[in-house]
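User: I would like to learn how to read a structural model feature by feature, with the general idea given before the particular case. Could we work through one together?

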Amino acid sequence: MGVKALGYVVIETAKPDKWDHFLTQVAGVMRAADAIDGAAQYRIDQRPFRFRIEHSKRDWFKAAGYEVADAAALEKLADQIAGAGRSIEHFSEIDRASRAVTNGFRTNDPAGNGLEFYHGESHTDAPFVSPIGVPGFVTGDMGMGHAVFSAPNFDEVLSFYRDVVGFHETDMPAFHLMGPEAPPMHFAFLHADNGRHHSIAFGEGPVPPSGAVHVMLEYPNLVEVGKAHDRMKQFGYAESASIGQHFNDETVGFYVQTPSGFDLEIGCDSLVIDPANWNVTKHEGISIWGHEWAWQKAMKETQAEAAE
Ligand SMILES: [Fe+2]
């Protein structure tokens with residue numbers, strides 16, 4: 001028993017028009033008909049939606065929605081999470097209908113990061129057509145991509161995802177982001193029961209005001225990643241990290257800031273693992289090459305100005 005894959009994300013925003021532009025014109029995802037409760041929905045494949053955008057007074061990553069195998073798995077998971085002291089809110093009829101799932105519940109991890117779990121996936125026969133010609137996204141049984149959170153209570157949150165929910169460790173690194181002398185920052189990259197290197201990850205640190213660190217979408221090739229990078233620049237969206245390649249999941253891509261403040265990682269060529277036979281790695285660096293982060297760039301510019 002465990003988690004099948006990341007199914008969808010739920011985002012609250014005061015700027016639904018900005019999100020619409022960002023998703024359709026930069027990411028190249030397809031707007032679908034609104035949900036029955038009025039939320040905007042966006043597709044990247046045959047799932048009725050992968051992004052659920054709720055119009056709200058605030059900008060906030062509300063939840064990552066993960067699929068489990070069936071009703072029994074969902075019930076067992078709800079019991080385990082409740083048993084671990086987390087509150088559970090079962091989906092209402094409107095929740096179920098608007099998510100196109102059989103059943104589910106919402107909860108959060110011990111750092112307060114929003115989660116939904118569900119079973120009973122549905123698919124639409126209507127073809128996926130990107131408004132700007134992205135041929136498709138890498139999904140299938142590996143799901144939508146991954147979600148990355150932050151947790152000040154790192155060990156407690158790790159125990160929740162691994163021992164209570166049933167994710168599995170892929171890479172458990174310690175990154176020296178602030179130089180070799182400073183204490184390392186721990187990360188956990190966890191896989192679900194599929195070949196995606198990680199379906200969820202979190203770093204040691206305070207939960208950001210936007211409620212998440214980033215969401216990742218996998219594009220079919222480097223050409224599509226490069227075109228998305230051009231669109232980001234064309235429309236003036238902020239680059240959070242320049243193009244580069246990760247050590248752990250080998251993804252080549254970049255990070256762009258979404259209208260809600262967290263990032264979207266646009267990448268390709270991600271490592272596919274055998275989830276049943278994986279030896280946990282402990283990388284010491286984030287990137288093989290590239291990925292100059294906006295905060296690093298700003299720091300360099302400040303230092304250069306001071307030296308003038
Ligand atoms: Fe990522």
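The dialogue below goes from the overall fold to single residues.

User: What kind of model is this, and how are residues numbered?

Analyst: This is a predicted model, in which local features need pLDDT of at least 70 and side-chain atom pairs count only at pLDDT 80 or more, while totals for chains, interfaces and linings use all residues. Residues are numbered from 1 along each chain as its sequence is written.

User: How many helices and strands does the protein have?

Analyst: Helices (H or I, at least four residues) and strands (E, at least two) are DSSP runs, numbered from the N terminus. By that reading the protein has 6 helices and 18 strands. Its radius of gyration, taken over C-alpha atoms, is 19 Å, close to the 19 Å from the globule rule (2.2 Å times the number of residues to the power 0.38) for 308 residues, so the protein is as compact as a globular protein of that length.

User: Which domains are assigned, and what does each give to the contact between them?

Analyst: Domain bounds come from an automatic or database domain assignment, which here gives domain 1 (3-119) and domain 2 (140-303). The contact, where two residues count if their C-beta atoms, placed from the backbone, lie within 7 Å, takes 33 residues from domain 1 and 42 residues from domain 2. On the side of domain 1 that touches domain 2, strand S1 (3-13), helix H1 (16-27), strand S5 (60-68) and helix H2 (71-83) each supply at least two residues, and S1 gives the most, with 9 residues.

User: Which residues of H1 are buried, and where do they sit around the axis?

Analyst: An α-helix has 3.6 residues a turn, so residues three or four places apart point the same way. A residue is buried if 20 or more other C-beta atoms lie within 10 Å of its own, exposed if 12 or fewer, and partly exposed in between, with C-beta atoms placed from the backbone. In H1 the buried residues are Trp19, Phe22, Leu23, Val26 and Ala27. These residues cover an arc of only 110° around the axis (the arc of the directions from the helix axis to the C-beta atoms), which puts them on the same side of H1. Just after H1, Gly28 takes a positive phi of about 80°.

User: Is Trp60 buried or exposed, and which residues does Trp60 touch?

Analyst: Trp60 lies in strand S5 and counts as buried, with 21 C-beta neighbours inside 10 Å. Leaving out residues up to four places away in sequence, Trp60 touches Glu12, Ser210, Gly211 and Ser260.

User: In what sense does S15 pair with S16?

Analyst: Two strands pair if DSSP finds at least two bridges between them. Strand S15 (residues 239-246) and strand S16 (residues 252-257) pair in the antiparallel sense over 4 bridges, and Ala241 stands opposite Tyr255 in S16. Their hairpin has 5 residues between the strands, where Glu250 takes a positive phi near 65°. S15 is also joined by 3 bridges to strand S18 (residues 287-290), again antiparallel, and there His246 has Ser287 as its bridge partner.

User: Where are Ala100 and His291 found, and is each buried or partly exposed?

Analyst: Ala100 has a phi near 55°, a positive value in a residue other than glycine, and is found in the loop between helix H3 (93-99) and strand S7 (103-108). With 20 other C-beta atoms within 10 Å, Ala100 is buried. His291, not a glycine either, has a positive phi of about 55° and is found in the loop between S18 and helix H6 (294-307). His291 is partly exposed, with 18 other C-beta atoms within 10 Å.
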